Amino acid sequence: MQHIVNRQGLNMPKLGLGTWPMLADECTRAVEQALALGYRHIDTAAGYNNEDAVGQAVANSPTPRHQIHITTKVWWDQLQPDAMRHSMDRSLKALRSDYVDLFMIHWPSTDWDLPRTIETLVALKEQGLARNIGVANFPLPLLRKVIEELGAPLSAIQVEYHVLLGQNALLDYARQHDMALTAYTPLARNKVSDIPAIQQIAAKHGALPTQVALKWLLDQSNVAAIPKASSEANQLANLAAFMINLDDQDRALIASLSKRQRQVSPDFAPVWDAFDE
Ligand SMILES: NC(=O)c1ccc[n+]([C@@H]2O[C@H](COP(=O)([O-])OP(=O)(O)OC[C@H]3O[C@@H](n4cnc5c(N)ncnc54)[C@H](OP(=O)(O)O)[C@@H]3O)[C@@H](O)[C@H]2O)c1
């Protein structure tokens with residue numbers, strides 16, 4: 001499994017397992033199965049209500065905790081310093097661990113004291129409760145502010161990214177600042193399987209459209225991807241995406257697809273970057 005390693009200390013497998021919206025036993029079973037298949041990166045969040053199920057799977061698995069990268073996130077209404085520390089405590093308890101590998105702010109808030117929130121995030125890293133810190137769903141101007149004005153040592157940003165949604169500006173910035181960019185909803189919720197151009201590339205390689213879409217992400221420097229898959233067949237198929245070799249012609253065809261088809265934009269989402277191709 002290829003890893004993303006950066007100067008902030010991140011050492012994160014490029015392919016992870018997304019766990020939303022799985023809950024309880026379904027989630028425990030899927031995470032245990034993924035660990036048995038070789039996944040070593042699990043994405044969860046306080047907002048998913050499944051950290052306990054993930055913690056149970058890690059406890060059940062013969063794979064030692066230190067060999068597994070776990071990302072969790074704090075919800076956007078818990079960003080006051082005390083609330084954020086409590087959220088971290090609850091996450092650690094549910095995950096049955098004394099640290100997380102990556103702790104992220106899940107969504108920006110509109111009603112926050114940004115410098116104090118970031119100060120608290122950094123303090124959680126300094127205390128060792130978070131090995132690395134990051135943010136999710138931050139548009140570029142806000143990310144710039146956190147890094148350049150507030151000086152936060154962020155290791156990663158997590159945003160929606162797939163063959164139908166471009167993220168060139170954020171990705172350029174992540175590379176310039178030695179950060180990982182984790183692509184969430186990397187299969188566009190399996191819409192990639194219905195795109196004729198992706199089907200055509202898949203047929204050429206004797207692969208699945210989902211594997212083409214994933215390998216396009218995994219081939220990019222600094223990019224990780226966290227498809228959610230519950231069945232063993234889909235988890236295995238996603239792991240096998242590493243085996244395909246996309247060529248320049250394939251990449252040109254993927255580049256020609258419209259890159260403005262965002263799937264995830266709840267009513268509390270920020271104003272997205274105007275140009276995110
Ligand atoms: N930070 C954020 O705000 C944020 C937002 C959204 C998502 N996320 C994270 O990103 C993860 C993934 O995103 P997502 O769940 O929205 O979308 P996704 O991973 O693009 O798509 C998941 C869907 O694709 C199916 N699938 C997976 N592998 C497949 C395969 N090989 N062939 C056919 N279908 C396949 C899954 O079905 P089965 O389950 O039946 O296998 C599921 O229905 C989430 O679980 C979560 O951890 C983060």
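What follows is a short exchange about the ligand and the pockets.

Visitor: Where does the ligand sit?

Guide: This is a predicted model. About 650 Å³ of space lies in the largest pocket. The ligand sits in the largest pocket.

Visitor: Which helix gives the largest share of the shell around the ligand?

Guide: The ligand is surrounded by 28 residues, and W20, D43, R189, K228 and N234 are the closest. By class, this shell has 12 nonpolar, 12 polar and four charged residues. Its largest share is three residues, and they come from helix α9 (residues 232-239).

Visitor: How much of the ligand does the protein bury?

Guide: One oxygen atom of the ligand is 2.7 Å from an N or O atom in the side chain of D43. A nitrogen atom of the ligand lies 2.9 Å from an N or O atom in the Q158 side chain. At A188 a backbone N or O atom is 3.3 Å from a ligand oxygen. Taken alone the ligand exposes 900 Å², and of that the protein buries 86%.

Visitor: Which residues lie nearest the centre of the largest pocket?

Guide: The lining has 16 nonpolar, 12 polar and three charged residues. Helix α9 gives the most to it, with three residues. Of the 31 lining residues, those nearest the centre are W20, P21, T185, R189 and K228.

Visitor: Which residues are closest to the centre of the second largest pocket?

Guide: The second largest pocket holds about 210 Å³ of space. Of the 14 residues that line it, the closest to its centre are N11, H66, I68, H69 and D101.

How values were computed:
Residues numbered from 1 in each chain as written. Predicted model: local features only at pLDDT ≥ 70, side-chain atom pairs only at ≥ 80, totals over all residues. Heavy atoms only, no water. Near = heavy atom within 4 Å. Polar contact = N/O pair within 3.5 Å; in protein donor to acceptor, adjacent residues only side chain to side chain. Areas by Shrake-Rupley, 256 points an atom, 1.4 Å probe, with all protein chains shown as cover. 1 Å grid on protein atoms, 1.4 Å probe; cavity = no way out; pocket = protein on both sides within 12 Å on 5 of 7 lines; lining within 4 Å. Sits in = over half its atoms within 2 Å of the grid points. Helix = DSSP H or I, 4+ residues; strand = E, 2+ residues; numbered from the N terminus. Nonpolar A, V, L, I, M, F, W, Y, C, P; charged D, E, K, R; others polar. Points joined across faces, edges and corners; volume = space filled by probe spheres on them.
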